[in-house]
Amino acid sequence: MKRIIVVGNGMVGYKFCEKLRKQGVAAEVIVYGEEPRPAYDRVHLTSFFSGKTAEDLLMAPASWYAEHHIVLHTGELVTEIDRQQKTITTHTGKTDRYDYLVLATGSSPFVPNVKGVERDGVFVYRTIEDLNQIIDYGKKVTRAAVLGGGLLGLEAGKALVDLGLETHIVEFAPRLMPRQLDEQGSVILQHKLSQLGIAVHLNKSTKEIAGNGKLDGLEFVDGSFLPIEMLVISAGIRPRDEVAKGCGLEVHPRGGVVVNDFLQTNDENIFAIGEVAVHNNMVYGLVAPGYEMADIVVRQIAGDFSKTFQGFDMSTKLKLMGVDVGSFGDALGETPGCIPIAFQDKHNGVYKRINISADGKYLLGGILVGDAKQYNLFHQMAANKMALPAQPESLIIGAPGKGEEGAGVKNLPDSAQICACENITKGDLVFQITEKGVKTLDDLKRSTKACTGCGGCTPMVNDILKITLESLGHTVKKSICEHFDYTRQELYDIVKIKNIKTYDALLDSHGKGDGCEVCKPLVASLLASAWNELIVSQATIQDTNDRFLANIQRGGTYSVVPRIAGGEITPQKLMAIGRIAEKYGLYTKITGGQRIDMFGARVDQLPEIWEELIDEGFESGHAYGKALRTIKSCVGSTWCRYGVQDSVSFAIYIEDRYKGLRAPHKLKGAVSGCIRECAEAQSKDFGIIATEKGWNLYVCGNGGSRPQHAKLLVTDVDTETCVKLVDRFLMFYIRTADPLTRTATWLNKMEGGLEYLRDVIVNDSLGIGEALEKEMAELIANYACEWKKVVEDPALRAQFKHFINEDSTDSTLSFVEMRGQKCPPDWNKK
Amino acid sequence: MELLNDIRSLATTESDIKVWYKAARTIDFPENGGACVKYKDQQIAVFNFSRRNEWYACQNLCPHKMQMVLSRGMIGSAGEEPKVACPFHKKTFSLRNGECINATEEKLAVFPVKVEDGFVYIGFAR
């Protein structure tokens, strides 16, 4: 068996191992990594600041290497290569023999030769160790800067912001991300960064890192001075070619091991991949080309020489501190004669630029800042030399309507790469649909592996599926799954009109097959919205959270959230929660909705816990349901010297009114006692803000992954009117929204938008106002606490146990301690 | 990994069953749903697919994130294939042969089931 030694255990070194084993290549593999831990995801290093641990970032745990018969030596630096003997030597003096050697040593941060770089408080940003040092030092200081305004520099800047430091970015060039952006793009990005409190200093050449022992500022050539206490240098990378140089491999004058199209060095048994390799005078400092290189070397070792490295498109799309930035093809318009077209919207922080070929026929490249939705399409148009429309400016100036993107996909050639992670072209996808009969996105994902990497191509793959199916004469209907040829709204109407009360009845009369995990909970939600009957009486069509009336958490235990309407709670009830949590050993945390979540309950404990909670006067909080969650409130006029209305009482009234209401998705509300809006009502599905004269009602706001401010529906209405409008609004949403669609998305998709919604709800343009109110009144009248029903019913209680054939509990459950409370262990540790 | 290997060693084909384990009464199982049966130190998910008048058994461990939870999953069909969906991330598996249907997870160990005199029996290799 051949013996392969991989030098370096970074992302690319790991990917090489993974691909080698996936290909089933029979070879001994030995990996030497200098860092103390196995390869980790350096690209997402900043997620360290948002709570990820070093473990979370691992590409694979140490056990993975063992399971795949790969010998991994961490903390061991290869210092010498003997090409005659085909051996390597490590810094501990160990030698090892190879048939093939793969250099994946990566790069180190480039530190410019500026006076004072050795001072305390100066760091680089590459490894977890660097990061830990930055975090430690960051605790002692308040002002910090990043030297370098490129991609990595901005990432490092984000890290400093996350540490709560006053953050400066210092760049030598006249703009940020000089390789990807032009000046206007940089201006928009700068503006966005300044909103986040980051100061950007351009055209700054650093003369000295000043200080005495530790640094106290940066002295620039232009005479200015920036006082800071910490500096992170991110001024580019330097390939780690020392060991290659030492054994006479050819290295580039600017650093890096020179390779040919086969990624071979001038020794045919030694390959170089990733950031240490120089191909055609280029070092590729991104992970995707590194993976491509790993793939090519794996293929060769397996005997397939058909694929060679032909350079790599360095187009990038990323989110920098919440700002979308895309840069593709000839982004800066360096092609002779090319014509740039740009669109700028400073107010919304959007900049788009496309560069057109001199003959006006092709898109060469471009820049998108603030809104990069069209990145995939433009990138493909440029990469495939697609013909431009007669007025190319319409690409960036016309408002991107819904149909447009789909139409763009239609014109893509079959060679267009759609999924970059798995290298799948449009032709591959179309072939599956037209020749193999694939009809659903899931099947397409399975047969091609598209969308299974980063998932970024999913919208395009979906568009291609839809357009191709339509071209085959299939009508593409938004039916919910293979078992029901109806939309959610149609099914809701059927349930109401035909008075259907059970899932089986609906499946028998209007569906086919035996149901699935899509239609079962959807119909369960419809039935609950329509009749508000006890959901556990049809337990097996519920998602697990609704089946066990609690939220399933990592490890398979559940969390318990009693209702605390409006966030108001007596000391006695607080103590009751504390006592019960302590008794059952639960982890407790305050939620974002002003209540208390208790985690780590076994399924068999749930009824006992609820029995005690109910005895103390609590009710279900429906935290497990697609249902009304909380109505958040500020203290309002009862205590606050600014409050103009009693927001707490109103919030409690509203929460009690709609508790248990099931909807297409979860619902959250809030009531603020004055214009200062301390309850953050404008981020809720419905928000009420007190005025001198009454209440302002806002609807369709959203926090979460796509925050959206709620829209003002009416102003200065009295309490009774406000409640009536909320009744209508919620009922209209329940009737018409697609499954799992929050109110914000529902409104975004609604034809006519807010004006139409206001017409229906306030002006009753459809004449359904009264009907909506009546339906709501029925649901409210039918409310009962689900947990009370379960606790009182021995047959229902009996369903809450782990084993059906004995009373013991799940012995595989385990917990670790964290800050004095219990937590489940990591996903992968079992 | 250990958990997976242990459960696999229990699985067998219809003809090589050494033990028919009497698990529980049929009426103890929910209709069109599952429950977890303990056998030796192992956890088996048993499903009463009453709509099809069929019974299935597989490992309770979802191979995706190693969670002991499949018995709490929803069952249904993909075409003719009976399936179960893991409650955690909705990975679906065939109840007939254990193959993962909508992803590339490892396949589940499945076990023969028979019903006699109102009791559910599961077949094991030992």
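**Loops, cores and a chain interface in a predicted model**

A:Met177 sits in the loop that links strand 11 (166-170) to helix 6 (183-195) in chain A. The model is predicted. The backbone of A:Met177 has a positive phi of about 40°, although A:Met177 is not a glycine. A:Met177 is also buried, because 24 other C-beta atoms lie within 10 Å, and 20 or more are enough for that label.

B:Lys90 lies between strand 8 (81-85) and strand 9 (92-94) of chain B. B:Lys90 is not a glycine, yet its phi is positive, at about 60°. B:Lys90 has 16 C-beta neighbours inside 10 Å, so B:Lys90 counts as partly exposed. The range for that class lies between the limits of 12 or fewer for exposed and 20 or more for buried.

Chain A has 830 residues, and buried residues make up 44% of them. Its secondary structure comprises 27 helices and 39 strands. Among contacts in chain A with a separation of 6 or more, 62% join residues 24 or more positions apart.

The largest nonpolar core holds 60 residues. Within this core, A:Ala145, A:Leu231 and A:Val232 have the most contacts. Helix 5 (residues 151-162) of chain A gives the most to the core, namely 6 residues. The contacts of A:Val232 can be listed one by one. Leaving aside residues up to four places away in sequence, A:Val232 touches A:Phe123, A:Tyr125, A:Ile134, A:Ala144, A:Val146, A:Ala156 and A:Leu160. Another core lies apart from the largest one. This other core has 50 residues, including A:Val6, A:Phe16, A:Val102 and A:Ile270.

Burial was also examined along one helix of chain A. Helix 12 of chain A spans residues 426-434. Its residues A:Lys426, A:Leu429, A:Gln432 and A:Ile433 are buried. These four cover an arc of only 130° around the axis, and therefore lie on the same side of helix 12 of chain A. The spacing follows a general rule. An α-helix has 3.6 residues a turn, so residues three or four places apart point the same way.

The two chains touch. At the interface, 31 residues of chain B are in contact with 27 residues of chain A. On the chain B side, strand 1 (19-25), strand 2 (33-39), strand 6 (67-68) and strand 7 (74-78) each supply at least two residues. Strand 2 of chain B gives the most, with 5 residues. The side of chain B that touches chain A has 16 nonpolar, 7 polar and 8 charged residues.

Strand 1 of chain B pairs with strand 12 (residues 119-124) of chain B over 6 bridges, in the antiparallel sense. One bridge can be named: B:Val19 has B:Phe124, in strand 12 of chain B, as its partner.

Definitions and conventions. Residues are numbered from 1 along each chain as its sequence is written. Chains are lettered from A and ligands numbered from 1 in the order in which they are written. This is a predicted model: local features need pLDDT of at least 70, side-chain atom pairs count only at pLDDT 80 or more; totals for chains, interfaces and linings use all residues. Two residues are in contact if their C-beta atoms, placed from the backbone, lie within 7 Å. Ala, Val, Leu, Ile, Met, Phe, Trp, Tyr, Cys and Pro count as nonpolar, Asp, Glu, Lys and Arg as charged, and the others, Gly among them, as polar. The arc is that of the directions from the helix axis to the C-beta atoms. A nonpolar core is a set of buried Ala, Val, Leu, Ile, Met, Phe, Trp, Tyr and Cys residues joined through C-beta atoms within 7 Å. Two strands pair if DSSP finds at least two bridges between them.
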